[in-house]
Amino acid sequence: MAPEQTSRRDFVKMGAAVAGTVATWNATSYAKIVGANDRVRTAVVGCGDRMKGALIPSFLQHSKEMNFEFVAISDLWNRRRDEGVAYIEKKGGPKVETVRNNDELYARKDVDAVLIATADFQHAKHGVEAVKAGRDAYVEKPLAHTMKDALAIRNTVHANKQIVQIGTQRRSTPSYQKAYEYIKSGKFGDINMVEMTWNVNQPGRWRRPDVVPLLKEQDTDWKRYLMDQPYEAFDARKYLEFRLFWPYSSGIPDQWLVHQIDTVHWFTGYPHPRSVVANGGIYQWHDGRKNWDTMTAVFDYGPEDDLTKGFQVLYSSRQTNSAGGVKEIYYSNGGSLDMDKQVVNSEGGLTAKAAAEMNMKADLLPTFALSEHAEAASTAANTGADPQTSANMRNWMECVRSRKQPNANVDAGYSHSVALCMCIAAIQTGQKITFDQKTQQILAGGKAHA
């Protein structure tokens, strides 16, 4: 479709409409809901860096107004339980109780909801536990990196009434919501390419050399940590530096890819790629890790029944040189939508001269900002209570009150999990990976991939 011209005034009106649909509630609006005056007693599941660095501060930003309160911490490691209690108090929260595991947690009657930020491979499993126990949940991304776990949590949430928000916080970010509305309006034109990067130069990223020596097997529950993974001897690195070791994480795809590929599904409506290929390796940080420090993946999106339509997503990431930083750019024939700079412009669009030579019409995009104050994506390990995470936490709290579906619901999480599982299969097999919509299976070379 040919992009139409959009004035700044039209786009401001569009942004206002989006803002109206996601505006935060005041006390009057949610007090009308049955049970809205009841305090939502919330527990922490996994009190590690992400929980303390972002989720707890984001929760406390809204807890008083929304009438939420921390009551307990569940963590297998006694040190993290004790540190979590002190941290919540330091941040102005109440003194909470501790439990050794989730069996003890869900035996309590004073827990209505949970925040889950455990190891990557545990997210879906812990989400299933919470929902089956009748608790609402905020579950960190990735939702799942195996199809077995992705299907299990999707089906469990669908069969129950719990409110589950996934930690893909771009969906609660105003600039991304405006970009979504702009693309859906048709004025951007058909997407024909997406470029995404996430580059850092951080030898210590996902390493915990100061903490690993502190973890002793007798102070935790290693077998419970492994859940359904094959048993292996206790390894403090695989417990605390899990992002470096498959099957506890795939590293770059689990941690960074899912955030950006999730926007592709959201903006376009495609639930998964048509195909994925990937390449990479450990080129710099030879520190015992098993997951790549550098990778490139190519995703093909479009209708399954019409290969003449669609677009490519080029995703690259490295932990060895930060040049290029973060990039998230959508292209159409008329220009580009840059989510890092949060602007739409005509850069790269078909010029009038080139169009005239081909007897075509040039429809260059207008230039305008998606937000008044563009903020570059942070590549820091600890982002704190950043505005995106805070907004996503707030949206979850509102939906716990209203019982409406949150912005990053389980279906959105399932879609990013499918793309993630396809990418992991491409890494592990070196083959072109496809997806069978009917069976919901990952296919490598046309054959089912476990």
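This is a predicted model: local features need pLDDT of at least 70, side-chain atom pairs count only at pLDDT 80 or more; totals for chains, interfaces and linings use all residues.
Contact here means heavy atoms within 4.5 Å.

Residues are numbered from 1 along each chain as its sequence is written, and side-chain values use heavy atoms, with hydrogens and water left out.

Now the sheet under those helices. It is an open sheet of 11 strands, in the order S14-S13-S12-S11-S7-S10-S9-S8-S15-S16-S17, with mixed pairing. Strand S14 (368–369) and strand S17 (447–448) stand at the edges. Each has a single partner strand, so one side of each is left without a neighbour in the sheet. Helices (H or I, at least four residues) and strands (E, at least two) are DSSP runs, numbered from the N terminus. Two strands pair if DSSP finds at least two bridges between them. Strand S13 (residues 343–345) and S14 pair in the antiparallel sense over 2 bridges. Valine 344 has phenylalanine 368 as its bridge partner in S14.

Another sheet is open too. Its 6 strands follow the order S3-S2-S1-S4-S5-S6, and the pairing is parallel. Strand S3 (97–99) and strand S6 (164–166) are the edge strands, each pairing on one side only. Neighbouring strands of this sheet are turned by 25 degrees against each other on average, direction ignored. Strand S2 (residues 68–74) is joined to S3 by 3 bridges, and the two run parallel. In S3, threonine 98 is the bridge partner of isoleucine 73. Helix H4 (residues 78–90) packs on the sheet and touches S2 and S3. The direction of helix H4 makes about 160 degrees with that of S2. Helix H6 (residues 123–132) packs on the sheet as well. Helix H6 touches strand S1 (40–45), strand S4 (113–116), strand S5 (136–139) and S6, and its direction makes about 175 degrees with that of S4.

Two loop residues deserve a look. Threonine 118 is found in the loop between S4 and H6. At 14% relative accessibility, threonine 118 counts as buried. Buried means under 20% relative accessible area, exposed over 50%, and partly exposed in between (1.4 Å probe, protein chains only). Leaving aside neighbours within four places in sequence, threonine 118 is in contact with Val45, Gly46, His123, His126 and Phe242. Its side chain makes a polar contact with the side chain of histidine 126, at 3.0 Å. A polar contact is a pair of N or O atoms within 3.5 Å; within protein, one must be able to donate a hydrogen and the other to accept it, and residues adjacent in sequence count only if both atoms are side-chain atoms. Glutamate 140 is found in the loop between S5 and helix H7 (147–158). Glutamate 140 is buried, with a relative accessible area of 4%. Not counting residues up to four places away in sequence, glutamate 140 touches Arg50, Leu55, Ile116, Ala117, His123 and Gly167.

Next come the aromatic rings. The structure holds 21 aromatic pairs. Rings of Phe, Tyr and Trp (its six-membered ring) pair if their centres lie within 6.5 Å; planes under 30 degrees apart count as stacked, over 60 as edge-to-face and the rest as tilted. The rings of tyrosine 182 and phenylalanine 188 have centres 6.2 Å apart and planes at 65 degrees, so the pair is edge-to-face. Tyrosine 182 and phenylalanine 188 are both buried. Tryptophan 222 and tyrosine 239 form a stacked pair, 6.5 Å centre to centre with 25 degrees between the planes. Tryptophan 222 lies in helix H9 (residues 222–226) and tyrosine 239 in helix H10 (residues 236–240), so the pair ties together parts that are 17 residues apart in sequence. Tryptophan 222 is buried at 3% relative accessible area, and tyrosine 239 is buried at 5%. Ring pairs link Phe121, Trp222, Tyr225, Phe234, Tyr239 and Tyr248 into a cluster.

Notes: Axes are lines fitted to C-alpha atoms, for helices over the stretch in contact, and angles run from 0 to 180 degrees between N-to-C directions.
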